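Reader: Before we go through this model, I would like to ask on what grounds its terms are applied. Please set each value against its cut-off.

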Amino acid sequence: MKDVTIPKWPAWALLAFTAACAYPTATNGPPNDTTVYRALGQEPGWTVTITDERIDYLGDYGETRITVPTPDPRTTFNGHRYETERLIVDITHSRCNDVMSGHGYEDTVMVIADGTTVHGCGGERRPDWDV
């Protein structure tokens, strides 16, 4: 039987190799006092803006306006949900492309405004995801 020699790797080399294989941590969190979160959708056109103080919804091409104080976000499986009596904003951290422009965004967004549900995209704009 032949003897097998196993090289003795320095611990720092193994650590460097495993660090190079690590995935970056997720950085998408709920909006805080230094950010403004924006989302939009089409047919009918709508926008939602979330700050630390309030949520502004503009729907039906500007015909519907709802402004509510920003509640604490509830963490969901892959995102955040804001719930008030008149407005629910559900943000899911998954790739989204605007149906009209094809522009890519980091999040898929569903809004329920006074019982009417609309879907769209939000978060950071991702030009590398444009279609």
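Reader: Which residues is R81 in contact with, leaving aside its neighbours within four places in sequence?

Author: R81 is in contact with D72, P73, R74, T76, I88, V89, D90 and M110. Contact means heavy atoms within 4.5 Å. This is a predicted model, in which local features need pLDDT of at least 70 and side-chain atom pairs count only at pLDDT 80 or more, while totals for chains, interfaces and linings use all residues. Residues are numbered from 1 along each chain as its sequence is written, and side-chain values use heavy atoms, with hydrogens and water left out.

Reader: Why is R81 called buried?

Author: Buried means under 20% relative accessible area, exposed over 50%, and partly exposed in between, with a 1.4 Å probe and protein chains only. R81 has a relative accessible area of 18%, so it is buried.

Reader: What makes the pair R81 and E83 a polar contact?

Author: A polar contact is a pair of N or O atoms within 3.5 Å; within protein, one must be able to donate a hydrogen and the other to accept it, and residues adjacent in sequence count only if both atoms are side-chain atoms. The side chains of R81 and E83 are joined at 3.0 Å, so the distance falls within the limit.

Reader: Why is Y61 called exposed?

Author: Y61 has a relative accessible area of 57%, so it is exposed. Y61 is found in the loop between β3 (54–59) and β4 (64–69). Strands (E, at least two residues) and helices (H or I, at least four) are DSSP runs, numbered from the N terminus.

Reader: What is stated about the phi of Y61?

Author: Y61 has a positive phi of about 55° although it is not a glycine. Most residues other than glycine have a negative phi, and most peptide bonds are trans.

Reader: Which peptide bond is cis?

Author: The bond from E43 to P44 is cis, with omega near 0°. E43 also has a positive phi, of about 50°. With a relative accessible area of 56%, E43 is therefore exposed.

Reader: How do you know that β7 and β9 pair?

Author: Two strands pair if DSSP finds at least two bridges between them. Strand β7 (residues 87–92) and β9 have six bridges, in the antiparallel sense, so they pair. I88 stands opposite I112 in β9.
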